[in-house]
Amino acid sequence: MIICAGNNETFPFATPMGVGMIETTLNLTRLCLFDKPEFLLFVGTAGSYGNAKIFDIIESKTASNIELAFLNNDAYTPLENVLSTNLTKQQDVIVNSSNYISTNEELTKKFLKFGIGIENMEYFAVLSVAKEFEIPAGGVFCVTNYTNKNAHDDFLKNHDKAKELLSEHVKRRIKELTANRGSIE
């Protein structure tokens, strides 16, 4: 099953789950309780902490939930804050999730030291629910902005093109997987 956030970030081929971690957790849990999918693919946009460029497409199976205060040793958590469904030895770009959009470019560059490259509000919730229900899951993201003072304006400016690029990428990958499956069977 292909899912997305919601509001203005929807796709004709994806089921919206809500914006942010709480809405996504509630709605995805409800869906899994009543009609558990065989797999989950989350499609969405992301902000870059510096290495990924605008309109880069990133596939990942690893998410974190690390708040900015952690980066300055101003907070800690007893909770598991990194989840992965990656079963390969290939290292993922880690996607960080928070209910806040980062705008402090100097602070967010610290995420790169931990292998965390982009942020998306919903992805950690998706992997959390997938883990609980033992559902294979992954995500595909298109970068719309850098995490700086212009994050929101750049997101708005680049959002439509990012959604278009994501749609093309997902359709192409589905076609590839379908063709590969046909040659295997």
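The protein exposes about 10500 Å², of which carbon and sulfur atoms supply 54%. These values refer to a predicted model, in which buried residues make up 46% of the 185 residues of the protein. The mean positions of the 18 positive and 23 negative charges of the protein lie 5 Å apart.

With regard to overall dimensions, the C-alpha atoms of the protein fill a box of roughly 50 × 35 × 35 Å when taken along the principal axes. The radius of gyration of the protein is 16 Å, and this agrees with the expectation for a compact globule, because a globule of 185 residues would have a radius of gyration near 16 Å. Among contacts between residues at least 6 apart in sequence, 76% join residues that are at least 24 apart.

The secondary structure of the protein comprises five helices and nine strands, which, read along the sequence, follow the pattern β-β-α-β-β-β-α-β-β-α-β-α-β-α.

Within this arrangement, helix α4 spans residues 123-132, and seven of its 10 residues are buried, so that the helix is largely enclosed by the rest of the structure. Just after α4, Glu 134 adopts a positive phi of about 55°.

Technical notes. Residues numbered from 1 in each chain as written. Predicted model: local features only at pLDDT ≥ 70, side-chain atom pairs only at ≥ 80, totals over all residues. Heavy atoms only, no water. Buried < 20%, exposed > 50% of the residue type's maximum accessible area, 1.4 Å probe, protein only. Helix = DSSP H or I, 4+ residues; strand = E, 2+ residues; numbered from the N terminus. Rg over C-alpha atoms; globule rule 2.2 N^0.38 Å. Contact = heavy atoms within 4.5 Å. Areas by Shrake-Rupley, 256 points an atom, 1.4 Å probe, with all protein chains shown as cover. Lys, Arg positive; Asp, Glu negative; His and termini not counted. Charge placed at Lys NZ, Arg CZ, Asp CG, Glu CD.
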